[in-house]
Structures are given as structure tokens and as C-alpha cells.
Amino acid sequence: MGRCLGIYDMSSISAQQVQTHAGFRTGDGDPHHGLQSAETDLGDAVAEFVQAVGSAASPHSIIGSMHMLCGALEAAGNAGLPSELVRALVRPAYDLHGRSGFISRLQDWPRGYPGDYETIEWIASPTPQAAVDDPAYWLEWYALNCPIAQQHRNKLAWQRNLVHEASMRSGRILNVGCGGCADLAGSPSFVRDCDFTLLDMDGDALALASQRLRGARSTRVVQRDVIRGLRDVIGQGPYDLVLCGGLFDYLPDRLISRLLWQISGAVAADGYIAFTNISDRNPFRVWIENLANWHLIHRSEDQMREIVREAGTEPGRLVIERDATGLTLLCRIQS
Ligand SMILES: C[S@@+](CC[C@H](N)C(=O)[O-])C[C@H]1O[C@@H](n2cnc3c(N)ncnc32)[C@H](O)[C@@H]1O
């Protein structure tokens, strides 16, 4: 038997009510028929999603209706529906997503910025914290287990391997935007052979990272913004590995080029700069942006090569792979 969520009575909600609730109508007789049908379809999709979640439908119905909603959002974007209208129309679905503690982090940025280390920790250990009978349970479960979350775990495994390899050289590692070093969770034995320099603007992230790496040969912590912080640590190279995992997705091209240029002077002769970026071929983009307020700068391989070229590095030295989901670009420059 379905349950009612209180604020939304699912039994009778219709597309028209969603649109009226949003306070917008493109209007009957609007010559822009495509716009109007995109609006109607989006309203219908929101109503169906709200109905599925509110009636505690099966996971397939809930997740299926969420994907239908994403399809309607894409169509609305293609039709040119104004973004304020889209936001207002999806609001009931956005609020339902926010009933998941994990998704509400993505929506509200409780540490004041997106992609904080606590969010990463949650992705790394992806157990839903919503109660199984909570209407948001399957949304949280899906958000933590679908490819857009898996890509981050794949990235962490890749980073962990790179640190392991560097530990077999001289083990001098600079980790820029290290977060809590979720890539080194469990303090693997090879950290004994590493000297870490950890740079992050978030002191709590650094505290967790230092605790994780207490078995390391040495750990130096720098709490600063990447621009100022790099100036402090660059002269203390050379490093066998400079790692910038999950950082560039938030930074503009020119700043990345500048940072890579700075870093390139601090890499040992057989060392690497390694960094990642979310791919521009990301079917989950419409979901994370419209229903989770998680905005990443998506990039293609060609864009990464151009950024590297602007940093004064021969693009041929850049090796780009994709993780198993295909959603993340794993980039390495060998010095
Ligand atoms: C998405 S997390 C990635 C953490 C870790 N590198 C990983 O791969 O899981 C981004 C980290 O970069 C840090 N960060 C973001 N912008 C920064 C900036 N401008 N300066 C320094 N740190 C920054 C955040 O505090 C956060 O810990």
C-alpha cells in the first residue's frame, strides 16, 4: 500500500498542478509548440516521479521514473525552456531527492563548497544511510551505486596504484586537493616508503588525511588555497608523483594550465603529474545538475590536450585513459 509523504499528496497530483505550483505557463496557443510540449512533458515526468516515490513503488519504478524525468529535462534543455521555469517545474522532484542525506549534501554543500571530502568519503563507502522504508532510500542507493559514483571509486583505485608505483621509486608525493586521502584508506603498507606533502584548503580534510597516513615516512600538511599553497610547496620538490585527483573538474582551463606549468618544474626526471577530469560524455550530467546541484566542468580529451599545450607541455607527453565506466578521464604527464 502506498504511503503519503505529507507535503505532496501523490494520489492526485497532475502535470498541470505541477506547472501551476511552479507559477509558470507558456500559455495555450503559444506559437512555440515545441516549448509548450517540452513544458508539458516535463510537468508530466515530475508528477510521475513524485507519484512513484510517494507511493513507495518498486525500485524499478522509482529509478525508471527518475530516468524518464532526466529525458524530459534533456528535451526541455534542447527546446530552450527557460532555466527558471525548469527549476520551478522540477522543484518537487528536487525536494524529494533532498530527503536523501547523501543527495542533500550535493544540493546544499554543507562545508561551503561542492565536492568536499565528507562527500567523497561517503562515495568511497557507499552504504545508504536512509532507512530502508524511507521514500528516498532507493534514490540514495542509486546515487551511491550508479556509474557516476563508481567513476570516483575507480579514480581512487587508479590514484592508489600511482602512489604505490611512486613508493617504489623515491616515494616523494605531492597531493594537491588531497581531501581525506580516501585513495589511501586502510593505510596500505607502501605508505611507509612515502614522504607526503598534502595540500588542501580544508583543515578537517587534512586532519583525516594525516591520521590515515600516520604510518608514512613523513607527512607535511599545507592548508591553503591551491594557488598560494603551490607556491609554498613547489620549491620543496622534486616529486616522483604530483597528484591532482578530482580537483580540475572545479577549476577553469586557464588556471589549470597555470598550475600544470608551475608543477612541471617540480617533477623528478622519471616522475609523473597525474590528474583527472569528468568526461564530457556523461549521461548523468542532467541528473546531477538539475536534481543534485552538482556542477562539474566536463571536458573532452581534446580539451585536456589543449590545456596541457597552454601549460607549455608537448601534448604528446600526455596519456589519457578512461576509467571502466568511461565517465572519467585519467591523465598522466611523464616528465
Ligand atoms: C573532489 S575532492 C577530491 C579529493 C581527493 N583528491 C580525491 O581524489 O578523492 C576535492 C578536494 O579539493 C579541495 N579543493 C577544492 N578547491 C580547492 C582549492 N581552490 N584550493 C585547495 N584545495 C581545494 C577540496 O577541499 C577537496 O578536499
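The chain holds 13 helices and seven strands. These elements belong to a predicted model, and the description below moves from the whole chain to single residues. Of the 335 residues, 43% count as buried. Along the principal axes, the C-alpha atoms fill a box of roughly 65 × 45 × 30 Å. Among the contacts with a separation of 6 or more, 70% are made by residues 24 or more positions apart in the chain.

Three domains divide the chain: domain 1 (15-97), domain 2 (102-144) and domain 3 (147-283 + 294-334). Where domain 1 meets domain 2, eight residues of domain 1 are in contact with six residues of domain 2. On the domain 1 side, helix H2 (33-54), helix H3 (59-79) and helix H4 (83-97) each supply at least two residues. H3 gives the most to this side, with three residues. In terms of class, the side of domain 1 that touches domain 2 has six nonpolar and two polar residues, and no charged ones.

Glycine 179 is buried, because 27 other C-beta atoms lie within 10 Å, and the cut-off for a buried residue is 20 or more. Leaving aside residues up to four places away in sequence, glycine 179 touches Tyr117, Ile120, Asp200 and Ala205. Between the C-alpha atoms of glycine 179 and threonine 219 there is a separation of 14 Å, and the two residues are 40 residues apart along the chain.

Strand E1 (residues 172-176) and E2 run parallel and are joined by five bridges. In this pairing, asparagine 175 stands opposite leucine 198 in E2. Strand E2 (residues 195-200) is itself mostly covered, with five of its six residues buried. Six bridges join E2 to strand E3 (residues 218-223), and these two strands also run parallel. Here leucine 199 stands opposite valine 222 in E3. To pass from E2 to E3, the chain goes through helix H9 (residues 203-212), in a β-α-β crossover that is right-handed.

The loop between E1 and E2 also contains serine 187. The phi angle of serine 187 is near 45°, a positive value in a residue other than glycine. Serine 187 has 15 C-beta neighbours inside 10 Å and therefore counts as partly exposed. A second residue with a positive phi is asparagine 293, where the angle is near 55°, and this residue is likewise not glycine. Asparagine 293 sits in the loop between helix H12 (285-290) and helix H13 (301-310). With 17 other C-beta atoms within 10 Å, asparagine 293 is partly exposed.

A further backbone feature is found at glycine 237 and proline 238, which are joined by a cis peptide bond with omega about 5°. Proline 238 has its place in the loop between helix H10 (226-234) and strand E4 (239-244).

Finally, isoleucine 263 is a residue of helix H11 (residues 253-264). Isoleucine 263 has 23 other C-beta atoms within 10 Å and is therefore buried. Its contacts, not counting residues up to four places away in sequence, include Ile234, Val242 and Ile273.

Conventions
Residues numbered from 1 in each chain as written. Predicted model: local features only at pLDDT ≥ 70, side-chain atom pairs only at ≥ 80, totals over all residues. Domains from an automatic or database assignment. Contact = placed C-beta atoms within 7 Å. Helix = DSSP H or I, 4+ residues; strand = E, 2+ residues; numbered from the N terminus. Nonpolar A, V, L, I, M, F, W, Y, C, P; charged D, E, K, R; others polar. Buried ≥ 20, exposed ≤ 12 C-beta atoms within 10 Å, placed from the backbone. Pairing = 2+ DSSP bridges. Right-handed = clockwise from strand over helix to strand, strands pointing away.
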